[in-house]
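Here are some exercises to work through with the structure open beside you. Try each task before you read its solution.

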Amino acid sequence: MQEFRHTIAGDIVTVHVPEDADDLGMFWDWFYQARERGPIALDTETTGLDIYSPGFRLRTVQFGDAHDAWVILWERGGHFDSYARDAIRRTRQILIHNAAYDWLVLNQCAGIPLEDLAPWTTDTRILAALIDPRQPSEGGIGTGLKPLSARWIDPSAPDTQAGLTTVFRSLGLTKETGWANIPLSNPTFLLYAGLDVILTARLAPILRAELSRLGVRDELVTYEHEIARLCAVMQRTGLLVDQEYAAPLARRLAEEAAHYSAVAARYGVSKIGSVAQVSEALTGMGETLTERTDAGALKVDKAVLLPLADLDRDWQRIGAREPNPLANAVLRAKRAKKWGEDYAAQFVTQLDTAGRIHASINSLQARTGRMSVSGPPLQQLPSGDHVIRRAILAEPGHVVISTDFQAIEMRVLAALADVKRMKAGFLSGGEKFDIHMYTARLVKGPAATKRDRKVFKGAGFGKVYGGGSRTLARQTGASEAEIAQAVAAYDRVFPEIKQASSRWQRQAFQNRMVFISATGRRLPLDRDRTFAVTNYACQSVARDVLGQAMLQIESAGLLEFCRLPIHDEILASAPKREAEEIAREFERFMSFPLYGVPIEAEAEIGGQSWGSLYGADY
């Protein structure tokens, strides 16, 4: 038996590493006693983060409480993995930090279905996010185990992480290669593995107590664990990739990036990522750039370049000006490079043996709880383009179904702020109701045009997302004066929105700059951006509307068809012969009232590829 001792918050804790059958018997004695005392913390060490790559391995499984940790050397096989597997199956109160990852690791490598673990798991990462969802860059602690432990348990908690990085370097390894290649006998590696479960065991009751002190309801904690489980199930299923399409696409995008980079070079921009070069060249072409970064440099990000290229957020022509060729070239070079590296290349290199990718679904990403998808980031694709989506296929004999909420942001806004005329429109407008044309006609009368609709759509989203007149003008092609008039008109016809925003800001001021959402979620505000409360209130509830729909979909037995949740949409793969019936069911379970406003969803049935819903011919 190897044993390592360490001090946490003034206590001496012990990390035990069994080396033979007798040692494993001692682990078993500890396990039964610990299980009677309360929850047991569980963790794994693996060769990396890509669970479904061919070379991925489970190296150790750790069990622990507040004072003892046991590191079981799974990689040695035999009695080691047998004892670890049995202990996992016999544990009935489990503490895990970032549970979805370990659920999927144990599902893939140990044959323990995540459905068997999830009902017994408390995820300390979820608890921490419900206390403060902000990342360090936003002024929060974040949701990493070491920073949380440093805040709540012992300021020296992250020290072992730095020590392990030093060991990697001493062995000629990097952070990326170290986990797979460090010897199982390395003391720092074993100490690091063991301390994580001890920290998790200590963190859980502290976070529970803080949630209780803050008045966060147990129902919200349970709900978030359920959503994490649903997302993990979809991640495990993965997405089928058309490899014959994806590989040539990666090459074509690389060629496109090179072509537009060459175009940019003709205007004096040798590096499309150089802010100085791009801003200097655009200024030399007569463009007026006014926005600056915090460091004082002129901004030339996508928000600035799109209107110069006469493109809206969906890369469609606005028709407000002649496109600037350099802005167009820089945008297209960057997009082709990003799409090629972040999407097409990953479709080829991150496949499992069945030809699938398993995008990571973070069920609690943004401050508002909004979900995200990474590896690749499929929720960031432009809504009007099929090029990348064409690579994602339904199952053989299936078709793709996309069900998305209709005008979810505006419906949630109308519900939360009790916007009388907006609610009336949603209630009486029918299936084809267009809130933005409705608003345009309220202001302009029956003769309102499509351009009026676009301007008032921008004003409406400005209310939800907090965009200023300059930003909205860029996005819509209207002048700042027109946008200002539209926003003022919005306040006249829907006065409840401004009143609600003021009320919510006052509530946050009275609660130490924290706004409590309609579902009980804590949403910290920045003192210089209190106007963002409207965005946070709407986005968090829209996310929870999606979460509620996911739970209803599972209850109806439709989870097996689900592949991805993407903001206000659920992507599914369903048998072609049953597609119509399944699509109607998705619509039914994604439609329900919210404070008197009908939340409605519409399902679209495509062909074999996700791209078929966006114009692809397959």
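**Exercise 1. Is Arg512 buried or exposed?**

Before the solution, a word on the model. It is predicted, so to speak with caution built in: local features need pLDDT of at least 70, side-chain atom pairs count only at pLDDT 80 or more, and totals for chains, interfaces and linings use all residues. Residues are numbered from 1 along each chain as its sequence is written, and side-chain values use heavy atoms, with hydrogens and water left out.*Solution.* Start with the cut-offs: buried means under 20% relative accessible area, exposed over 50%, and partly exposed in between (1.4 Å probe, protein chains only). Arg512 has 77% relative accessibility, so it counts as exposed. Next, find its place: Arg512 sits in the loop between α21 (495–510) and β14 (514–516). Here helices (H or I, at least four residues) and strands (E, at least two) are DSSP runs, numbered from the N terminus. Finally, look at the backbone: phi of Arg512 is near 55 degrees, a positive value in a residue other than glycine.

**Exercise 2. Find Asp310 and work out whether it is buried or exposed**.

*Solution.* Go to the loop between α13 (302–308) and α14, where Asp310 has its place. With a relative accessible area of 1%, Asp310 is buried. Now check phi: for Asp310 it is near 60 degrees, again positive in a residue other than glycine. As background, most residues other than glycine have a negative phi, and most peptide bonds are trans.

That leads to a peptide bond worth a look. The one from Gly375 to Pro376 is cis, with omega near 0 degrees. Pro376 belongs to the loop between β11 (372–374) and β12 (392–393).

**Exercise 3. Describe how α11 and α14 pack**.

*Solution.* Two packed helices are described by the angle between their axes and the distance between the axes. Axes are lines fitted to C-alpha atoms, for helices over the stretch in contact, and angles run from 0 to 180 degrees between N-to-C directions. For α11 (residues 243–265) and α14 (residues 325–349), the angle is about 160 degrees and the axes are 8 Å apart.

Ala, Val, Leu, Ile, Met, Phe, Trp, Tyr, Cys and Pro count as nonpolar, Asp, Glu, Lys and Arg as charged, and the others, Gly among them, as polar.

**Exercise 4. Now try α15 and α18: which residues make the contact?**

*Solution.* First the geometry: α15 and α18 pack at an angle of about 65 degrees, with their axes 10 Å apart. Then the residues: α15 brings Glu409, Met410 and Leu413, while α18 brings Gly460, Phe461, Val464 and Tyr465. Contact means heavy atoms within 4.5 Å. Sorted by type, the residues of this contact are five nonpolar, one polar and one charged.

**Exercise 5. Which residues of α17 are buried, and what covers them?**

*Solution.* In α17 (residues 435–444), the buried ones are Ile435, His436, Met437, Thr439 and Ala440. Their cover includes α15 (408–417), α16 (420–428), α18 (450–465) and α20 (480–493). Then check the ends. Asp434 caps the N-terminal end of α17, with a side-chain oxygen 3.0 Å from the backbone nitrogen of His436. After α17 comes Gly445, with a positive phi near 95 degrees.

Methods
Polar contact = N/O pair within 3.5 Å; in protein donor to acceptor, adjacent residues only side chain to side chain.
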